[in-house]
Amino acid sequence: MNLPNYFLADLPPEAELSPKMIAEACLALKQNREKFLRPRTTDSIVKLLCEVATEWQQPDNKFRKLALELGPTETGFSKPILERGLDGFFKQFTPDNFQALLAQELGDGVAAGNDEYRMMNDESPDHSSSVIRHFWRGPDFLVHIAAGNIPNPTLMSLTLGLLTRSAQFVKCASGASFLPRLFAHSIYELDRKLGSCLEIAEWRGGNLALENALFAEADCLTATGNDETLAAIRTRLPAKVRFLGYGQRVSFGLVTREVLREDTIAEIVSRAADDVIAWDQNGCLSPHVIYVEERGAVESDQFAERLAVELAKREAAEPRGKIITETAAAIASRRSICEALAAHRADVKIWSSQSSTAWTVVFEHDVRFQFSPANRFIYVKPVPDVATVLQGVDAVHGKVSTVGIAAPPEKMKDLAWQFARWGATRICPLGQMQNPPLTWRHDGRPPLGDLITWVDFEQ
Amino acid sequence: MHPELSNFAACLRELIEHPDFLTGESDLDRQFDSLALELFALQFKFNAAYRKICEARQLTPQTVQGWTQIPAVPTAAFKELELTSLAPAERTTVFHSSGTTEQKPSRHFHTVESMAVYEASLWQWFQLHFGDPGEFVFLTPNAAAAPHSSLIHMFDIVSRKTGGASLSLNRSGFFGDITADGTWTIHFDSVVKKLKSACDSGQPLTLLGTAFSFVHVLDFLAENNLQFQLPQSSRVMETGGYKNRSRVLPKVELHALIHERLGVSRENIICEYGMSELSSQAYDLEIQHPASSIQHRAFHFPPWARVQIISPETGGEVADGETGLIRIFDLANVFSVAAIQTEDLGVRRADGFELLGRAMQAEPRGCSLMTT
């Protein structure tokens, strides 16, 4: 990839990072941030982010082209899946959506341009106008420890950090810096000064020398990973650092009987397939299980069978990416036990791609939530009612992010309320599970609110 | 008991016990395919649970042409289904899969005849690798304490065949115990005494146990600052995983520690690969087998069991040097199912394999992935 050396992740693979390099990069970021980012207005940042996103959606944009051409090798996702995932993400970047985010997080005052809530970094408050009661400021130096190779959470972290005018350092998991790098380059291209307030680096987690050098500089650190990883990071952080950990979450779908009709089934199945193939089902927002109410005009096993047909179709048009042997082995092992059970029990059925692990649908009556090996391996479980779903997912209580629901509009509110009361943090229409809006509260936490610090001004 | 299966078992035992089975020209090698097909037909006929699986895959004795096409059953199916042609009243022994975390263990049912085949199988192949054994030190509980462990049953047979049963604990035998909650413990003082006396007398020892047993012994020796240089031809047989019973060491590190603390060289540390669902074991010692030119320290099963390394992606056999899931066709599994699909990954090495270990359950990537 022919990109200039702006970021540590741009260095050739043989270049070895040192704690000194990290410390120097942090210093440069902080200086650049003082000069170039702190003085910027929220409006100007929003404008830039919308421009970046518009560029990414142009077919001839060079970063988009690189992402789609090299992405399959670099990330393991096929071109159509990258296209679907990135377009879904960038199309959210509109001035209106950013206004909604700012209003949600900072109060309507900011969204309306009212200076009642002013950011300290904005141009000097006009004291002649109305009374100022609060200021807010972002962390001076924001560090992200990014896991995995689904790019959207990392791109969103960078976006939020720009809105808080923070110098940012993103430490990507090994092999996962490709898309964050392209995103940072695309910002650099449109606004070099802003780009110089970002750093992207990649190393294998647990490199204490590099990480200690980085942690020492942080004011706020976000991390995604499993609970052990987060706990380990937390214990190594200096006390002054605000820590925002996003642990392992799982998601599931629900289809109610009213929408299981011949005239609606095709659309419902298509939406379920959208959720299963988005980012090849890798990530907290992808469903492991889809619960399907029994006694619809179309029965739950028919739903499963139609989903299998749909996944086969999708495989032809939007193929799953390549997976490592260990993952394929997990899928193959899971399939073979399901096949053996299916041979013995009428209540277990399995449909799967031939001569590949590309997709699998397992239909089984056991209502307990089941972890899928992902990569388009979905469980469909029939249930008599929603109460049974709540029993089935009891084992993952407190670990659930999204419930994707297909139900008649008049039932949605009640279902949302039930799952909200139970402990889910996001309820959305089936088909949108991997497309959270800009205002999405990750794990139920305020996306900007968690980063910033309020300053009360009492007069 | 189905007489056809009994006959098959008796014939197979003769072949296994025939002294020329290692020449590479034994009847076993020549007849493997026809024996496998014959056994498949019998198991299809008499093992109802297996037959259903075969029928679901549309593979029957009429359609299957060679042993590699015979449908393999996943080891996990032994937890859910009764994969046996033995009627409940005929079952005299059951071996369970090990592991403390499993709620539902595998069940491999045996009867006197199947045990006879099993014992012939384990002994012949074991004997070949540990021909001149010295004394045996088993770092496990004995068979009375752990009646459902196939590994301990194997040790018990070895112990009895070599006269160990008549020996007192201090000379040779089982140095482990089992607590009420199922934890395996080791009589460290007795082990140390044994190691000392071997060093004094110059009489070689063979220590046998699971990887975690060795970790426990090595940790004890390290804590007490003890180090031994066992007599030259002493050996170690190490098997199995850790099952959360000790810290986990990479194999190379474990073997280096064994060498350091016990003075047993790497070539005398032999790894065993076996499981309750099989009746034969593989060892990773290099042996002079005229039928193959072994380059790697790869695992090999005896001639009555064959291995295939299967691509999990395509379901086909992988090429030499490639990684896949280990599938075994064990003729000695007469009364259960001969074709066993494991969840272990291995690298194909000529007619053997290098063991990589259990395929981890794939965790979703993204937010839930380790930050590595």
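Me: Two residues are in contact if their C-beta atoms, placed from the backbone, lie within 7 Å. How many residues of chain B are in contact with chain A?
Reply: By that cut-off, 32 residues of chain B are in contact with 46 residues of chain A. This is a predicted model, where local features need pLDDT of at least 70, side-chain atom pairs count only at pLDDT 80 or more, and totals for chains, interfaces and linings use all residues. Residues are numbered from 1 along each chain as its sequence is written, with chains lettered from A and ligands numbered from 1 in the order in which they are written.

Me: Which element gives the most to the side of chain B that touches chain A?
Reply: Helix H3 of chain B does, with four residues. Helices (H or I, at least four residues) and strands (E, at least two) are DSSP runs, numbered from the N terminus.

Me: What makes S8 and S9 of chain B paired strands?
Reply: Two strands pair if DSSP finds at least two bridges between them. Five bridges join S8(B) to S9(B), so they pair, and they run parallel. B:Thr210 stands opposite B:Thr239 in S9(B).

Me: Why are S5 and S11 of chain B said to stand at the edges?
Reply: The open sheet has the order S5-S4-S8-S9-S10-S11 in chain B, with mixed pairing. S5(B) and S11(B) each have a single partner strand, so one side of each is left without a neighbour in the sheet.

Me: Where do the domains of chain A lie?
Reply: Domain 1 covers 8–248 and domain 2 covers 250–429, with bounds from an automatic or database domain assignment. Their centres, taken over C-alpha atoms, are separated by 33 Å.
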